[in-house]
Amino acid sequence: MLEIKNLHVDLEDEEKSILKGVDLTVEAGKVHAIMGPNGSGKSTLSYVLSGRDGYEVTQGSATLDGVDLLALEPEERAAEGLFLAFQYPVEIPGVGNMTFLRTAVNAQRKARGQDEMSAADFLKEVREKAKTLKIDADMLKRPVNVGFSGGEKKRNEILQMAMLAPKMCILDETDSGLDVDAMKLVAEGVNALRDEGRGFLVITHYQRLLDHIRPDVVHIMSEGRIIKSGGPELALEVEKNGYENLKAEVA
Amino acid sequence: MALDDTKHSATEARLASMVVPDVGCTSEARQEALARLRSMGLPHRRDEYWKFTRPDTLVQPEPPQAALFDDGEAPVFDSFDRLKIVFVDGMFDPELSDDLTLEGVVIDRLEDVCCSTEHWAEDFYGTLEAAGQVPVDRPLAALNTAYAGDGVTIRVTGRPSKPINLIYTHEATASDVFLHHVVRVEEGACATILENGPAAARFNNCMEVDVADGGTLHVVRAQGRDHERRAVTNLFARLGRESVFKCFTLTANGVLTRNECVVTLTGDDAVAHVAGAAMGDGDFHQDDTVFITHDAERCESRQVFKKVLSNGAVGVFQGKILVKPGAQKTDGYQISQSMLLDGDSEFLVKPELEIYADDVACSHGSTSGAIDEDALYYLRARGLPKDIATDLLTLAFVAEAVEEIEDDALREEINGQLATWLDWRKG
């Protein structure tokens, strides 16, 4: 599904190399996790895949079901079924959460040549999904992420993911800033979306999120490369011994 | 101080071909306005309040031509149940207008004031304009008082069931129009006035508003996107005790717009909100010049102005809060912000506070910035095409100003108009 080959990325303004040859394949139906220390390039990978400005791909490729993601605008990538749950969801004063969600859903449907969703159908679906994520009517009415707590912001990301039903979901440190209960809630939201046709790439510092979202494959990223891949036990090893040991072992 | 030669000759050149209308009981006010104008002279770009907006085309004797503009859209407020008063190139059109009778309000044409021997508006015509000349000269308003050819007087005595809509249409490419309206809201009365339309190639509009104790007046104006028209509006309001005056103006395109608003809070506990949203694309210059004087206790004033500018458009905001001695517990707020969609556009700002009372809360702020790139990326990552995302952020940006419109239906109408105009911008 998601295929990343030898991806090299520089920061546009600083000529600083961040990703130095990432190879990664996420199959449909699988959950892959990327762990790694600060500054290893995990978030950069998510930004580059979703199309954020400021990065220059110098080598390599990234495709989603054969479509060259790197040639597309961010909105086209979204319409192809790529979704990034942000580490820091952006506050947008003046834009109602509901308006935003509906505009997003319909923009994607339109891009795929589907009819827009009727207001009634949309409302029904949002309410159902919001309920399972414990998002109340007030949060839906408020401007996007404005005045939301850390947990509310992350739940709001998962609600968007549920409404947009992407085929490839990237979660960038979705556990950061969450207490245990909030993390469980978010993980349940994610697990509910696990599906044979859908791939997940979960980026995290800590193993604890992976207790709730069980990965099929764990990758360790360091200094812009994936230095080791393995099963869920790899995450436990990191938790126990830290990244430095692992880096030494690989080197 | 004697007028310098340049100003004197520019003023006389402008007045040479003009004739003060034969006007019965307003003639004294008109002659006084003419004398005021001659002593201050027409604006020059060296004048303190004209540094950001070149007055040349407003001062020159002949108006620059303005091609007629028809976008085929239904005019703003068209779907509203309202009393229509239509002026075509500055002439009242009885055919297009509704019957001027409405319960709770008495509407007359300015010429009725001029012809009758005794009319309530006689004492008001030119009075607030004259008072508003201190401490800042407003020569184009004096010019208006002297030469206005038409207009209405509106006396609100109750709560009229629908808004009064002044509609200004434009049919001649070189029309030069002066309209002058006098509005008096009696104690406890309440009304809404709507204004829209380009009016002329060059339009000078003056509205004097006197709101008595406990009265309320809402004014919502839409200055459409006729690209070539020039307009100056002069709004003077005097507020009595516990009265409310709220004015919102939407401006989209137009080569030159200057909206001056002078409000004096003379009674305790009065409230004045003046707000505006402007969207300019290309050859666009829009100027809000606001002066609010607090001359009573516990009054509240808000100035909220937002401008979205692209392709070299220019926005100007000159806003002042003056708190006079004794105007304790004043609550004054002023914000002016621009969103510059490219590097060619400009926002020129002069926020001013002048406070002579010691127990007041006044805040002001002004910002100028590009569109929020993080927000744009976030929206696009959710599948919104760049232009739709930009529009959504544009509407969100001006929302704080639009929120100042109290009436839900009118606010929706203005939001709808904004959305339509944004669509149009995309071609």
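Helix H2 of chain B runs over residues 27–40, and at 1.5 Å a residue its 14 residues should span 20 Å, which agrees with the 20 Å between its end C-alpha atoms. (The expected span is 1.5 Å times one less than the number of residues; helices, H or I with at least four residues, and strands, E with at least two, are DSSP runs numbered from the N terminus.) This is a predicted model, where local features need pLDDT of at least 70, side-chain atom pairs count only at pLDDT 80 or more, and totals for chains, interfaces and linings use all residues. Residues are numbered from 1 along each chain as its sequence is written, chains are lettered from A and ligands numbered from 1 in the order in which they are written, and side-chain values use heavy atoms, with hydrogens and water left out.

Which residues of H2(B) are buried? They are Ala29(B), Arg30(B), Ala33(B), Leu34(B), Arg36(B), Leu37(B) and Met40(B). These cover an arc of only 160 degrees around the axis, so they sit on the same side of H2(B). (Buried means under 20% relative accessible area, exposed over 50% and partly exposed in between, with a 1.4 Å probe and protein chains only; the arc is that of the directions from the helix axis to the C-beta atoms.) An α-helix has 3.6 residues a turn, so residues three or four places apart point the same way. Just after H2(B) comes Gly41(B), with a positive phi of about 80 degrees.

On to the rings: over all chains, there are eleven aromatic pairs. (Rings of Phe, Tyr and Trp, the last by its six-membered ring, pair if their centres lie within 6.5 Å; planes under 30 degrees apart count as stacked, over 60 as edge-to-face and the rest as tilted.) One of them is the tilted pair of Phe86(A) and Tyr377(B), at 5.3 Å centre to centre and 50 degrees between the planes. This pair crosses between chains, from the loop between strands E6 (82–85) and E7 (92–96) of chain A to helix H7 (residues 373–381) of chain B. Phe86(A) is buried at a relative accessible area of 3%, and Tyr377(B) counts as buried at 6%. Ring pairs also link Tyr47(A), Tyr55(A), Phe86(A), Phe100(A), Tyr377(B) and Tyr378(B) into a cluster.

Charges meet rings too. The charged end of Arg258(B) sits over the ring of Trp50(B), 3.6 Å from its centre, while Lys350(B) lies over the face of Tyr49(B), 4.1 Å from the ring centre. (Here NZ of Lys or CZ of Arg must be within 6 Å of the ring centre and within 35 degrees of the ring normal.)
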